[in-house]
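Here's a quick briefing to read with the model open in your viewer.

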Amino acid sequence: MEKRFAGRPASPGIALGALFPLTIGTGARVASGAAESEAEALRSALYAARADLKGLIERSTGDAAAILEFQVALLEDDVLAEPAFSAIAAGRVADHAWLHAMQQEIAGYELSDDEYFRARAADLYDLRDRVLAHLTGSAIEAAVPPGAIVAAVDLAPSRFLGIDWSCGGALVLTAGSTTSHVAMLARSRGIPAVTGLGVDLAELSGQALVDAHRGMLIVNPGPAARAQFDCDAKADAIARALAAAAAMRPAVTADGTPIRIMLNISDPRELADLDPAICDGIGLVRTEFLFHDRHGLPDEEQQYAVYRRIAEWAQGRPVTIRTLDAGGDKPIPGFTPAAESNPFLGVRGLRLSLARPDVFRTQLRALARAAMHGHVKIMLPMVTQPRELALARSILDAEVGALAAAGIPARRASLGIMIEVPAAAIAADQFDADFFSVGSNDLAQYVAAAGRDIGAVADLADPTQPAMLRLFRHVVGAARARDIDLSLCGDAGGDSRTIPALLATGLRSLSMAPALVGGAKRAVAAIDLRSIPESERWPT
Ligand code: PEP
Ligand code: MG
(Lines give C-alpha, C1' and ligand atoms only; values in the text may rest on other atoms or scores of the structure.)
(Ligands and ions follow the chains in the order given, each with its own letter.)
Protein backbone atom coordinates (compact mmCIF):
# COMPACT_ATOMS: atom_id res chain seq x y z
CA MET A 1 0.00 0.00 0.00
CA GLU A 2 1.27 3.47 -0.88
CA LYS A 3 2.44 5.55 2.08
CA ARG A 4 3.45 9.19 1.99
CA PHE A 5 5.80 10.89 4.44
CA ALA A 6 6.59 14.58 4.57
CA GLY A 7 9.98 15.90 5.68
CA ARG A 8 12.20 18.88 4.92
CA PRO A 9 13.86 19.38 1.53
CA ALA A 10 17.63 19.27 2.23
CA SER A 11 19.08 18.86 -1.27
CA PRO A 12 16.96 19.29 -4.41
CA GLY A 13 16.20 16.55 -6.94
CA ILE A 14 14.05 13.48 -7.42
CA ALA A 15 14.77 9.75 -7.37
CA LEU A 16 13.05 6.40 -7.72
CA GLY A 17 14.58 3.21 -6.35
CA ALA A 18 14.71 0.58 -3.66
CA LEU A 19 14.93 1.76 -0.07
CA PHE A 20 18.04 0.63 1.75
CA PRO A 21 17.73 1.24 5.51
CA LEU A 22 21.11 1.72 7.16
CA THR A 23 21.26 0.30 10.63
CA ILE A 24 24.23 -0.50 12.79
CA GLY A 25 26.35 -3.45 11.60
CA THR A 26 25.51 -6.22 14.03
CA GLY A 27 26.02 -9.33 11.96
CA ALA A 28 26.68 -12.44 14.06
CA ARG A 29 30.29 -13.05 14.96
CA VAL A 30 31.80 -16.34 16.06
CA ALA A 31 33.91 -15.71 19.14
CA SER A 32 37.36 -17.33 19.17
CA GLY A 33 37.20 -18.31 22.83
CA ALA A 34 40.70 -16.97 23.62
CA ALA A 35 41.32 -13.51 25.06
CA GLU A 36 44.45 -12.95 22.98
CA SER A 37 42.73 -13.66 19.67
CA GLU A 38 39.72 -11.55 20.69
CA ALA A 39 42.12 -8.68 21.42
CA GLU A 40 43.77 -9.27 18.06
CA ALA A 41 40.37 -9.17 16.34
CA LEU A 42 39.66 -5.79 17.91
CA ARG A 43 43.11 -4.48 16.99
CA SER A 44 42.54 -5.54 13.35
CA ALA A 45 39.09 -3.95 13.29
CA LEU A 46 40.48 -0.69 14.69
CA TYR A 47 43.23 -0.77 12.09
CA ALA A 48 40.77 -1.47 9.27
CA ALA A 49 38.47 1.33 10.44
CA ARG A 50 41.41 3.73 10.45
CA ALA A 51 42.37 2.60 6.93
CA ASP A 52 38.75 3.17 5.76
CA LEU A 53 38.76 6.67 7.17
CA LYS A 54 42.12 7.55 5.62
CA GLY A 55 40.85 6.34 2.24
CA LEU A 56 37.77 8.51 2.65
CA ILE A 57 39.91 11.53 3.62
CA GLU A 58 41.83 11.24 0.35
CA ARG A 59 38.55 11.44 -1.57
CA SER A 60 37.14 14.29 0.52
CA THR A 61 37.59 18.00 0.83
CA GLY A 62 36.95 20.80 3.29
CA ASP A 63 34.68 20.21 6.23
CA ALA A 64 34.13 16.54 5.35
CA ALA A 65 37.85 15.81 5.45
CA ALA A 66 38.12 17.70 8.73
CA ILE A 67 35.43 15.56 10.37
CA LEU A 68 37.13 12.39 9.19
CA GLU A 69 40.51 13.63 10.47
CA PHE A 70 38.88 14.17 13.84
CA GLN A 71 37.65 10.57 13.86
CA VAL A 72 41.10 9.28 12.91
CA ALA A 73 42.56 11.27 15.80
CA LEU A 74 40.04 9.64 18.18
CA LEU A 75 40.92 6.18 16.87
CA GLU A 76 44.63 6.83 17.21
CA ASP A 77 44.20 7.74 20.86
CA ASP A 78 44.75 4.48 22.79
CA VAL A 79 42.52 5.77 25.59
CA LEU A 80 39.39 5.20 23.47
CA ALA A 81 39.74 1.41 23.16
CA GLU A 82 41.43 0.80 26.52
CA PRO A 83 38.21 -0.17 28.40
CA ALA A 84 37.33 -2.62 25.60
CA PHE A 85 40.74 -4.29 25.79
CA SER A 86 40.41 -4.53 29.60
CA ALA A 87 36.99 -6.17 29.22
CA ILE A 88 38.43 -8.65 26.71
CA ALA A 89 41.24 -9.49 29.13
CA ALA A 90 38.53 -10.15 31.72
CA GLY A 91 36.86 -12.68 29.39
CA ARG A 92 34.43 -10.66 27.23
CA VAL A 93 34.19 -11.27 23.49
CA ALA A 94 35.57 -8.52 21.26
CA ASP A 95 32.35 -7.16 19.70
CA HIS A 96 30.49 -7.03 23.01
CA ALA A 97 33.48 -5.45 24.74
CA TRP A 98 33.77 -2.78 22.06
CA LEU A 99 30.04 -2.06 21.97
CA HIS A 100 29.83 -1.78 25.74
CA ALA A 101 32.91 0.43 26.02
CA MET A 102 31.64 2.75 23.29
CA GLN A 103 28.14 2.98 24.82
CA GLN A 104 29.76 4.21 28.02
CA GLU A 105 31.92 6.69 26.14
CA ILE A 106 28.96 7.96 24.08
CA ALA A 107 26.80 8.33 27.19
CA GLY A 108 29.55 10.49 28.71
CA TYR A 109 29.55 12.75 25.65
CA GLU A 110 25.76 12.92 25.45
CA LEU A 111 25.38 13.87 29.09
CA SER A 112 28.05 16.53 28.91
CA ASP A 113 27.03 20.10 29.80
CA ASP A 114 29.24 21.20 26.98
CA GLU A 115 27.45 21.52 23.65
CA TYR A 116 30.70 20.81 21.82
CA PHE A 117 31.04 17.38 23.42
CA ARG A 118 27.37 16.58 22.91
CA ALA A 119 27.77 17.35 19.22
CA ARG A 120 30.81 15.04 19.01
CA ALA A 121 28.67 12.04 20.10
CA ALA A 122 27.70 11.59 16.43
CA ASP A 123 31.37 10.93 15.58
CA LEU A 124 31.55 8.32 18.31
CA TYR A 125 28.43 6.54 17.05
CA ASP A 126 30.01 6.50 13.64
CA LEU A 127 33.27 5.05 14.94
CA ARG A 128 31.40 2.50 17.02
CA ASP A 129 29.53 1.22 13.97
CA ARG A 130 32.54 1.26 11.67
CA VAL A 131 34.71 -0.81 14.01
CA LEU A 132 31.78 -3.10 14.81
CA ALA A 133 31.15 -3.67 11.12
CA HIS A 134 34.75 -4.79 10.70
CA LEU A 135 34.51 -7.04 13.75
CA THR A 136 31.34 -8.71 12.53
CA GLY A 137 32.36 -8.79 8.89
CA SER A 138 29.33 -6.72 7.84
CA ALA A 139 30.92 -3.81 6.00
CA ILE A 140 28.44 -0.97 6.29
CA GLU A 141 28.58 0.97 3.06
CA ALA A 142 29.79 -1.76 0.71
CA ALA A 143 26.36 -3.34 0.95
CA VAL A 144 24.48 -0.29 -0.35
CA PRO A 145 23.35 -1.15 -3.89
CA PRO A 146 24.06 1.51 -6.55
CA GLY A 147 21.19 3.93 -7.03
CA ALA A 148 19.51 2.97 -3.74
CA ILE A 149 17.45 5.31 -1.62
CA VAL A 150 19.47 5.24 1.54
CA ALA A 151 17.32 5.57 4.66
CA ALA A 152 18.72 6.25 8.11
CA VAL A 153 17.84 8.00 11.33
CA ASP A 154 20.75 10.38 10.75
CA LEU A 155 23.95 9.78 8.84
CA ALA A 156 27.52 10.61 9.72
CA PRO A 157 29.44 12.37 6.93
CA SER A 158 31.96 9.52 6.76
CA ARG A 159 29.19 7.02 6.05
CA PHE A 160 27.73 9.28 3.36
CA LEU A 161 31.17 9.55 1.75
CA GLY A 162 31.66 5.78 1.90
CA ILE A 163 28.57 5.16 -0.28
CA ASP A 164 28.96 4.93 -4.05
CA TRP A 165 26.61 7.63 -5.40
CA SER A 166 27.87 7.43 -8.98
CA CYS A 167 24.59 5.78 -10.14
CA GLY A 168 22.44 8.38 -8.39
CA GLY A 169 20.12 7.47 -5.55
CA ALA A 170 18.88 9.66 -2.72
CA LEU A 171 19.13 10.09 1.00
CA VAL A 172 16.16 10.14 3.37
CA LEU A 173 16.62 10.74 7.08
CA THR A 174 13.98 10.19 9.70
CA ALA A 175 15.69 12.80 11.91
CA GLY A 176 18.55 15.11 10.89
CA SER A 177 18.61 18.77 9.95
CA THR A 178 18.88 20.57 6.62
CA THR A 179 21.96 22.51 7.79
CA SER A 180 23.88 19.46 9.02
CA HIS A 181 27.17 18.43 7.44
CA VAL A 182 25.59 15.49 5.67
CA ALA A 183 22.93 17.76 4.11
CA MET A 184 25.71 20.11 2.96
CA LEU A 185 27.55 17.16 1.38
CA ALA A 186 24.38 15.97 -0.37
CA ARG A 187 23.88 19.47 -1.82
CA SER A 188 27.46 19.81 -3.00
CA ARG A 189 27.24 16.38 -4.72
CA GLY A 190 23.76 16.89 -6.17
CA ILE A 191 22.25 13.94 -4.27
CA PRO A 192 18.53 14.52 -3.51
CA ALA A 193 17.97 14.49 0.25
CA VAL A 194 15.03 14.85 2.62
CA THR A 195 15.48 15.15 6.39
CA GLY A 196 13.17 15.11 9.41
CA LEU A 197 10.67 12.54 8.09
CA GLY A 198 9.73 11.69 11.68
CA VAL A 199 8.86 8.08 10.89
CA ASP A 200 10.12 4.79 12.27
CA LEU A 201 12.96 3.48 10.12
CA ALA A 202 11.28 0.04 10.18
CA GLU A 203 8.48 1.45 7.97
CA LEU A 204 10.93 2.29 5.22
CA SER A 205 11.33 -0.69 2.92
CA GLY A 206 10.43 -1.57 -0.66
CA GLN A 207 10.34 0.75 -3.67
CA ALA A 208 10.14 4.45 -3.05
CA LEU A 209 9.94 7.81 -4.74
CA VAL A 210 11.78 10.81 -3.37
CA ASP A 211 10.70 14.31 -4.27
CA ALA A 212 13.36 16.35 -2.52
CA HIS A 213 12.04 19.60 -4.04
CA ARG A 214 8.92 19.22 -1.92
CA GLY A 215 10.46 17.12 0.89
CA MET A 216 8.28 14.06 0.12
CA LEU A 217 8.95 10.35 0.38
CA ILE A 218 6.40 7.97 -1.18
CA VAL A 219 6.88 4.32 -0.23
CA ASN A 220 5.37 1.70 -2.60
CA PRO A 221 4.17 4.40 -5.02
CA GLY A 222 0.99 3.63 -6.95
CA PRO A 223 0.43 4.28 -10.68
CA ALA A 224 -0.57 7.94 -10.20
CA ALA A 225 2.54 8.74 -8.16
CA ARG A 226 4.74 6.94 -10.70
CA ALA A 227 3.16 8.84 -13.59
CA GLN A 228 3.77 12.11 -11.73
CA PHE A 229 7.37 11.01 -11.16
CA ASP A 230 7.91 10.47 -14.88
CA CYS A 231 6.73 14.04 -15.57
CA ASP A 232 8.88 15.42 -12.73
CA ALA A 233 11.94 13.48 -13.92
CA LYS A 234 11.63 15.05 -17.37
CA ALA A 235 11.20 18.52 -15.89
CA ASP A 236 14.16 17.93 -13.59
CA ALA A 237 16.43 16.86 -16.43
CA ILE A 238 15.43 19.96 -18.43
CA ALA A 239 16.00 22.20 -15.39
CA ARG A 240 19.49 20.74 -14.88
CA ALA A 241 20.41 21.26 -18.52
CA LEU A 242 19.11 24.84 -18.45
CA ALA A 243 20.98 25.55 -15.21
CA ALA A 244 24.23 24.26 -16.73
CA ALA A 245 23.73 26.59 -19.71
CA ALA A 246 22.67 29.53 -17.52
CA ALA A 247 25.80 29.17 -15.37
CA MET A 248 27.92 30.57 -18.21
CA ARG A 249 25.75 33.65 -18.73
CA PRO A 250 25.74 36.84 -16.64
CA ALA A 251 22.98 37.14 -14.04
CA VAL A 252 20.46 39.82 -15.01
CA THR A 253 16.87 40.24 -13.82
CA ALA A 254 13.99 40.44 -16.32
CA ASP A 255 13.98 44.24 -15.88
CA GLY A 256 17.70 44.42 -16.73
CA THR A 257 19.23 44.77 -13.24
CA PRO A 258 22.65 43.08 -13.10
CA ILE A 259 23.24 40.81 -10.10
CA ARG A 260 26.70 39.75 -8.98
CA ILE A 261 27.04 36.00 -8.44
CA MET A 262 29.99 34.89 -6.36
CA LEU A 263 31.20 31.50 -5.10
CA ASN A 264 31.47 30.06 -1.60
CA ILE A 265 34.22 27.50 -1.21
CA SER A 266 35.59 25.55 1.74
CA ASP A 267 38.57 24.04 -0.03
CA PRO A 268 40.52 25.14 -3.15
CA ARG A 269 40.06 21.66 -4.64
CA GLU A 270 36.43 22.64 -5.26
CA LEU A 271 37.72 24.98 -7.98
CA ALA A 272 39.63 22.27 -9.87
CA ASP A 273 37.23 21.80 -12.80
CA LEU A 274 35.49 25.17 -12.62
CA ASP A 275 35.66 27.90 -15.21
CA PRO A 276 36.05 31.25 -13.40
CA ALA A 277 33.78 32.76 -16.03
CA ILE A 278 30.72 31.31 -14.26
CA CYS A 279 31.11 33.85 -11.45
CA ASP A 280 31.99 37.43 -10.63
CA GLY A 281 34.52 36.29 -8.04
CA ILE A 282 34.67 34.40 -4.79
CA GLY A 283 32.46 35.80 -2.07
CA LEU A 284 33.57 33.50 0.73
CA VAL A 285 36.56 31.24 1.26
CA ARG A 286 36.06 29.36 4.52
CA THR A 287 39.64 28.88 5.72
CA GLU A 288 38.83 26.43 8.53
CA PHE A 289 39.91 23.46 6.34
CA LEU A 290 43.53 24.55 6.76
CA PHE A 291 43.32 24.34 10.52
CA HIS A 292 42.14 20.75 10.90
CA ASP A 293 45.52 19.18 10.26
CA ARG A 294 46.39 16.83 13.11
CA HIS A 295 50.01 17.89 12.82
CA GLY A 296 49.25 21.36 14.12
CA LEU A 297 48.18 24.79 12.91
CA PRO A 298 49.25 25.78 9.40
CA ASP A 299 52.28 28.06 9.11
CA GLU A 300 52.50 31.25 7.03
CA GLU A 301 54.04 29.51 3.99
CA GLN A 302 51.35 26.81 3.85
CA GLN A 303 48.59 29.39 4.07
CA TYR A 304 50.23 31.74 1.58
CA ALA A 305 50.50 28.94 -1.01
CA VAL A 306 46.80 28.09 -0.71
CA TYR A 307 45.52 31.70 -0.72
CA ARG A 308 47.76 32.53 -3.68
CA ARG A 309 46.42 29.53 -5.64
CA ILE A 310 42.82 30.69 -5.09
CA ALA A 311 43.66 34.31 -5.98
CA GLU A 312 45.34 33.22 -9.21
CA TRP A 313 42.42 30.95 -10.14
CA ALA A 314 40.08 33.94 -10.11
CA GLN A 315 42.05 35.77 -12.84
CA GLY A 316 41.63 39.23 -11.38
CA ARG A 317 38.13 38.77 -10.00
CA PRO A 318 37.72 39.60 -6.31
CA VAL A 319 38.47 36.79 -3.88
CA THR A 320 37.07 37.28 -0.38
CA ILE A 321 38.99 35.19 2.09
CA ARG A 322 37.54 34.92 5.57
CA THR A 323 39.88 34.75 8.53
CA LEU A 324 39.51 31.68 10.71
CA ASP A 325 35.93 31.16 11.88
CA ALA A 326 36.60 28.41 14.42
CA GLY A 327 34.02 27.57 17.06
CA GLY A 328 30.24 27.18 17.09
CA ASP A 329 29.40 24.59 14.44
CA LYS A 330 33.05 24.63 13.30
CA PRO A 331 35.06 23.45 16.32
CA ILE A 332 38.75 22.71 15.92
CA PRO A 333 39.82 20.09 18.44
CA GLY A 334 42.65 21.39 20.58
CA PHE A 335 42.14 25.00 19.45
CA THR A 336 38.59 26.10 20.19
CA PRO A 337 37.62 26.34 23.87
CA ALA A 338 36.39 22.93 25.02
CA ALA A 339 34.38 23.89 28.08
CA GLU A 340 31.96 26.57 26.89
CA SER A 341 28.31 26.06 27.84
CA ASN A 342 27.21 27.43 24.46
CA PRO A 343 29.95 27.58 21.81
CA PHE A 344 27.67 29.50 19.42
CA LEU A 345 27.71 32.38 21.90
CA GLY A 346 31.31 31.95 22.98
CA VAL A 347 34.84 32.67 21.88
CA ARG A 348 34.43 31.91 18.18
CA GLY A 349 35.33 33.62 14.90
CA LEU A 350 37.10 36.96 15.29
CA ARG A 351 36.77 36.73 19.06
CA LEU A 352 39.05 33.69 19.04
CA SER A 353 41.46 35.29 16.56
CA LEU A 354 41.82 38.33 18.81
CA ALA A 355 42.38 36.00 21.79
CA ARG A 356 45.10 34.20 19.82
CA PRO A 357 46.99 37.05 18.10
CA ASP A 358 49.87 34.71 17.20
CA VAL A 359 47.56 32.63 15.00
CA PHE A 360 45.73 35.71 13.66
CA ARG A 361 48.94 37.55 12.72
CA THR A 362 50.23 34.52 10.81
CA GLN A 363 47.02 34.35 8.80
CA LEU A 364 46.99 38.08 8.06
CA ARG A 365 50.62 37.98 6.87
CA ALA A 366 49.83 35.08 4.53
CA LEU A 367 46.79 36.96 3.19
CA ALA A 368 48.72 40.20 2.65
CA ARG A 369 51.37 38.29 0.69
CA ALA A 370 48.74 36.45 -1.38
CA ALA A 371 47.20 39.84 -2.22
CA MET A 372 50.19 40.42 -4.52
CA HIS A 373 48.78 37.71 -6.81
CA GLY A 374 45.20 38.76 -7.27
CA HIS A 375 42.32 40.83 -5.93
CA VAL A 376 42.31 39.49 -2.36
CA LYS A 377 39.84 40.89 0.17
CA ILE A 378 40.07 39.95 3.86
CA MET A 379 36.82 39.27 5.70
CA LEU A 380 36.34 39.03 9.47
CA PRO A 381 33.69 36.63 10.86
CA MET A 382 31.44 37.11 13.89
CA VAL A 383 32.18 40.81 14.32
CA THR A 384 29.97 42.28 17.05
CA GLN A 385 31.36 45.71 17.89
CA PRO A 386 33.29 48.35 15.90
CA ARG A 387 36.24 48.19 18.29
CA GLU A 388 36.91 44.58 17.21
CA LEU A 389 37.19 45.74 13.60
CA ALA A 390 39.47 48.62 14.64
CA LEU A 391 41.72 46.24 16.56
CA ALA A 392 41.89 43.77 13.67
CA ARG A 393 42.69 46.63 11.30
CA SER A 394 45.57 47.84 13.48
CA ILE A 395 46.99 44.30 13.62
CA LEU A 396 46.72 43.97 9.83
CA ASP A 397 48.42 47.34 9.30
CA ALA A 398 51.22 46.37 11.68
CA GLU A 399 51.83 43.06 9.88
CA VAL A 400 51.80 44.70 6.45
CA GLY A 401 54.30 47.26 7.81
CA ALA A 402 56.51 44.49 9.20
CA LEU A 403 56.46 42.62 5.88
CA ALA A 404 57.42 45.80 4.02
CA ALA A 405 60.25 46.48 6.48
CA ALA A 406 61.54 42.95 5.90
CA GLY A 407 61.39 43.47 2.11
CA ILE A 408 58.72 40.77 1.64
CA PRO A 409 56.25 41.66 -1.12
CA ALA A 410 52.80 42.21 0.37
CA ARG A 411 49.75 44.40 -0.08
CA ARG A 412 47.29 45.87 2.40
CA ALA A 413 44.15 44.09 1.15
CA SER A 414 40.77 45.67 1.83
CA LEU A 415 39.27 44.64 5.16
CA GLY A 416 35.57 43.87 5.49
CA ILE A 417 33.23 42.21 7.92
CA MET A 418 30.54 39.57 7.96
CA ILE A 419 27.21 40.85 9.12
CA GLU A 420 26.03 37.77 10.98
CA VAL A 421 25.61 38.93 14.56
CA PRO A 422 22.38 40.91 15.11
CA ALA A 423 24.33 43.68 16.89
CA ALA A 424 26.39 44.27 13.74
CA ALA A 425 23.31 44.20 11.50
CA ILE A 426 21.38 46.68 13.66
CA ALA A 427 24.33 49.06 14.01
CA ALA A 428 25.86 48.44 10.57
CA ASP A 429 26.28 52.22 10.10
CA GLN A 430 28.82 52.22 12.95
CA PHE A 431 31.33 49.95 11.21
CA ASP A 432 34.11 51.53 9.24
CA ALA A 433 34.60 48.47 7.02
CA ASP A 434 35.70 48.35 3.38
CA PHE A 435 32.87 45.92 2.63
CA PHE A 436 30.03 43.97 4.24
CA SER A 437 28.86 40.43 3.60
CA VAL A 438 25.68 39.20 5.24
CA GLY A 439 26.02 35.74 6.82
CA SER A 440 22.38 34.75 6.78
CA ASN A 441 23.04 31.31 8.33
CA ASP A 442 24.29 32.66 11.61
CA LEU A 443 22.20 35.84 11.48
CA ALA A 444 19.02 33.74 11.17
CA GLN A 445 19.90 31.50 14.09
CA TYR A 446 20.75 34.43 16.34
CA VAL A 447 17.72 36.48 15.31
CA ALA A 448 15.33 33.54 15.72
CA ALA A 449 17.07 31.98 18.76
CA ALA A 450 16.95 28.69 16.84
CA GLY A 451 20.21 26.72 16.56
CA ARG A 452 21.31 26.16 12.96
CA ASP A 453 22.20 22.53 13.78
CA ILE A 454 18.90 21.65 15.49
CA GLY A 455 16.41 20.17 13.02
CA ALA A 456 13.45 20.53 15.38
CA VAL A 457 13.65 24.34 15.29
CA ALA A 458 14.92 24.71 11.72
CA ASP A 459 11.66 26.26 10.47
CA LEU A 460 12.01 29.13 12.93
CA ALA A 461 15.33 30.18 11.41
CA ASP A 462 13.71 31.02 8.06
CA PRO A 463 15.90 33.66 6.37
CA THR A 464 12.89 35.18 4.61
CA GLN A 465 10.78 35.87 7.70
CA PRO A 466 9.89 39.55 8.18
CA ALA A 467 12.48 40.12 10.92
CA MET A 468 15.26 38.96 8.61
CA LEU A 469 14.02 40.89 5.57
CA ARG A 470 13.80 44.05 7.66
CA LEU A 471 17.37 43.53 8.81
CA PHE A 472 18.60 42.94 5.26
CA ARG A 473 16.85 46.13 4.12
CA HIS A 474 18.39 48.01 7.02
CA VAL A 475 21.89 46.75 6.16
CA VAL A 476 21.36 47.59 2.49
CA GLY A 477 20.44 51.15 3.55
CA ALA A 478 23.50 51.48 5.80
CA ALA A 479 25.80 50.18 3.07
CA ARG A 480 24.34 52.44 0.35
CA ALA A 481 24.45 55.51 2.57
CA ARG A 482 28.23 55.16 2.85
CA ASP A 483 28.88 53.45 -0.48
CA ILE A 484 30.11 50.26 1.14
CA ASP A 485 30.19 47.19 -1.08
CA LEU A 486 27.62 44.64 0.12
CA SER A 487 27.05 40.96 -0.61
CA LEU A 488 25.30 38.00 1.04
CA CYS A 489 27.11 34.69 1.51
CA GLY A 490 24.74 32.59 3.64
CA ASP A 491 22.94 29.56 2.19
CA ALA A 492 19.88 31.70 1.38
CA GLY A 493 21.86 33.30 -1.46
CA GLY A 494 21.97 30.05 -3.46
CA ASP A 495 18.37 29.06 -2.91
CA SER A 496 16.20 29.86 -5.93
CA ARG A 497 13.15 30.09 -3.67
CA THR A 498 14.62 32.82 -1.46
CA ILE A 499 16.41 34.84 -4.14
CA PRO A 500 13.33 36.96 -5.10
CA ALA A 501 12.85 38.04 -1.48
CA LEU A 502 16.56 38.84 -1.12
CA LEU A 503 16.65 40.98 -4.26
CA ALA A 504 13.52 42.79 -3.14
CA THR A 505 15.41 44.01 -0.07
CA GLY A 506 17.96 45.70 -2.31
CA LEU A 507 20.69 43.05 -2.21
CA ARG A 508 22.48 42.90 -5.56
CA SER A 509 25.31 40.45 -4.89
CA LEU A 510 24.90 36.82 -3.78
CA SER A 511 27.50 34.20 -3.00
CA MET A 512 26.80 30.46 -3.12
CA ALA A 513 28.14 26.92 -3.58
CA PRO A 514 29.41 26.47 -7.17
CA ALA A 515 26.79 23.77 -7.93
CA LEU A 516 24.00 26.29 -7.31
CA VAL A 517 25.17 29.04 -9.69
CA GLY A 518 23.17 27.91 -12.74
CA GLY A 519 19.90 27.57 -10.83
CA ALA A 520 20.44 30.91 -9.10
CA LYS A 521 21.08 32.70 -12.40
CA ARG A 522 17.88 31.22 -13.81
CA ALA A 523 15.99 32.37 -10.73
CA VAL A 524 17.43 35.87 -11.12
CA ALA A 525 16.43 36.01 -14.81
CA ALA A 526 12.81 35.21 -13.86
CA ILE A 527 12.50 38.15 -11.46
CA ASP A 528 11.06 41.48 -12.56
CA LEU A 529 11.92 43.89 -9.79
CA ARG A 530 9.32 46.36 -11.15
CA SER A 531 6.57 43.91 -10.22
CA ILE A 532 7.43 44.09 -6.53
CA PRO A 533 5.04 46.48 -4.72
CA GLU A 534 6.68 49.81 -3.86
CA SER A 535 6.14 49.19 -0.14
CA GLU A 536 8.17 45.96 -0.29
CA ARG A 537 10.87 47.16 -2.62
CA TRP A 538 14.10 48.95 -1.98
CA PRO A 539 13.99 52.14 -4.13
CA THR A 540 16.43 51.63 -7.00
C1 PEP B 1 26.84 32.42 7.56
O2 PEP B 1 26.84 32.37 8.79
O3 PEP B 1 25.84 32.74 6.89
C4 PEP B 1 28.05 32.07 6.79
C5 PEP B 1 28.12 32.27 5.50
O6 PEP B 1 29.09 31.53 7.44
P7 PEP B 1 29.13 30.03 8.02
O8 PEP B 1 28.00 29.27 7.42
O9 PEP B 1 30.48 29.52 7.61
O10 PEP B 1 29.01 30.26 9.49
MG1 MG C 1 28.64 32.30 9.94
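## Ligand site and loops

A polar side-chain atom of D442 lies 3.0 Å from an oxygen atom of ligand 1. On its own, ligand 1 exposes 290 Å², and the protein buries 99% of that (accessible areas are Shrake-Rupley values with a 1.4 Å probe, and for residues only the protein chains shown count as cover). Keep in mind that this is a predicted model, where local features need pLDDT of at least 70, side-chain atom pairs count only at pLDDT 80 or more, and totals for chains, interfaces and linings use all residues. Residues are numbered from 1 along each chain as its sequence is written, chains are lettered from A and ligands numbered from 1 in the order in which they are written, and side-chain values use heavy atoms, with hydrogens and water left out.

**Around ligand 1**

- Ligand 1 sits in the largest cavity. A cavity here is a set of points, on a 1 Å grid over the protein atoms alone, where a 1.4 Å probe fits but cannot get out; sitting in it takes more than half of the molecule's atoms within 2 Å of its grid points.
- There are 14 residues around the ligand, and R286, K330, G439, N441 and R452 come nearest (a residue is near if one of its heavy atoms lies within 4 Å).
- The side chain of R286 has an N or O atom 2.7 Å from an oxygen atom of ligand 1.
- For E420, a side-chain N or O atom is 3.0 Å from an oxygen atom of ligand 1.
- β11 (282–286) and α14 each supply at least two residues of the shell, and α14 gives the most, with three. Helices (H or I, at least four residues) and strands (E, at least two) are DSSP runs numbered from the N terminus.

**The magnesium ion**

- Ligand 2 is a magnesium ion, coordinated by E420 (OE) and D442 (OD) at 2.0 to 2.1 Å. The two come from distant parts of the chain, 22 residues apart: E420 is in the loop between β14 (414–419) and α13 (422–426), while D442 is in helix α14 (residues 440–448).
- Donors are N, O and S atoms within 2.8 Å of the metal (3.2 Å for Na, K and Ca), and water is not among the atoms, so the site may look incomplete.
- Both E420 and D442 are buried (buried is under 20% relative accessible area, exposed over 50%, partly exposed in between, with a 1.4 Å probe and protein chains only).

**Positive phi**

- A449 isn't a glycine, yet its phi is positive at about 50 degrees. You'll find A449 in the loop between α14 and α15 (466–481), exposed at 70% relative accessible area.
- D483 also has a positive phi, near 55 degrees. D483 is in the loop between α15 and β16 (485–488) and counts as exposed at 71% relative accessibility.

**Buried loop residues**

- T384 is in the loop between β13 (375–380) and α12 (386–405), and is buried with a relative accessible area of 19%.
- The T384 side chain makes a polar contact with the side chain of R351 at 2.9 Å (a pair of N or O atoms within 3.5 Å; within protein, one must be able to donate a hydrogen and the other to accept it, and residues adjacent in sequence count only if both atoms are side-chain atoms).
- I163 is in the loop between α6 (157–162) and β5 (170–173), buried at 5% relative accessible area.

How values were computed
1 Å grid on protein atoms, 1.4 Å probe; cavity = no way out; pocket = protein on both sides within 12 Å on 5 of 7 lines; lining within 4 Å.
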